[in-house]
Amino acid sequence: NSHLSNQKTVTRRATKFKHQQERAGTNNNIAANKDEGGRKKESDFAVLFRTLVDAKSIATYISQQHNNDLRNIKTMNNFLQSISQRPNSLYEELLSNHKAEVAISLERLLECLQGRGVANASGATSGSGNQ
């Protein structure tokens, strides 16, 4: 039952996102994620949610971004939210076939939680909080 509930949630999110895209008139090109005025066409979460659909794409993202984006707490939050509520089979494949990437992402998460992340756009330290 929880698996069906998770699938329904993912389907609802994807449908809602698709409708938002259609209303906004955005395109699906990640490289061209800004319009002529330099404004974002899609949120970072939306891009991640749309592109991180299987264990291989998640592992590739982690290995490409572990030294940069995943040190920022806002980016880490977007990443974790974008891969949540996926089918259990995706997590099983990720844990069995991409252990190194999972370990790296957990290390970056702990860094963010300990307040050692990089400063975010507002200048506040990522992961700032009680230590």
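Predicted model: local features only at pLDDT ≥ 70, side-chain atom pairs only at ≥ 80, totals over all residues.

Mentor: Residues are numbered from 1 along each chain as its sequence is written, and side-chain values use heavy atoms, with hydrogens and water left out.

The protein has six helices and zero strands, where helices (H or I, at least four residues) and strands (E, at least two) are DSSP runs numbered from the N terminus. Read from the N terminus, the order of elements is α-α-α-α-α-α.

The structure holds four salt bridges, each being a side-chain nitrogen of Lys or Arg within 4 Å of a carboxyl oxygen of Asp or Glu. One of them pairs E111 with R71 at 2.8 Å, N to O. E111 sits in helix α6 (residues 99-113) and R71 in the loop between α3 (55-65) and α4 (73-83), so this pair ties together parts that are 40 residues apart in sequence. E111 counts as buried because its relative accessibility is 14%, while R71, at 24%, counts as partly exposed. The cut-offs are under 20% relative accessible area for buried, over 50% for exposed, and partly exposed in between (1.4 Å probe, protein chains only).

R108 takes part in two of the bridges described here: with E111 at 3.2 Å, N to O, and with E107 at 3.8 Å, N to O. R108 and E111 both lie in helix α6, three residues apart, which is about one turn of the helix. Through shared partners, the salt bridges join R71, E107, R108 and E111 into one network. Within it, R108 is buried at 7% relative accessibility, and E107 is partly exposed at 44%.

Helix α6 also has a part in the largest nonpolar core. A nonpolar core is a set of buried Ala, Val, Leu, Ile, Met, Phe, Trp, Tyr and Cys residues joined through side-chain atoms within 4.5 Å. The largest one has 15 residues, of which L52, I58, Y61, L70, F79 and L94 touch the most other members. Helices α3, α4, α5 (88-97) and α6 each supply at least two residues of this core, and α3 gives the most, with five.

Y61 shows some of the packing. Apart from neighbours within four places in sequence, Y61 is in contact (heavy atoms within 4.5 Å) with L48, L52, D69, L70, T75 and F79.

S57 is placed in helix α3. Its side chain makes a polar contact with the side chain of D54 at 2.7 Å and reaches the backbone oxygen of T51 at 3.4 Å. A polar contact is a pair of N or O atoms within 3.5 Å; within protein, one must be able to donate a hydrogen and the other to accept it, and residues adjacent in sequence count only if both atoms are side-chain atoms. Beyond four places in sequence, S57 is in contact with T51 and L52.

Some totals complete the picture. Buried residues make up 33% of the 131 residues. Of the contacts between residues at least 6 apart in sequence, 55% join residues at least 24 apart.
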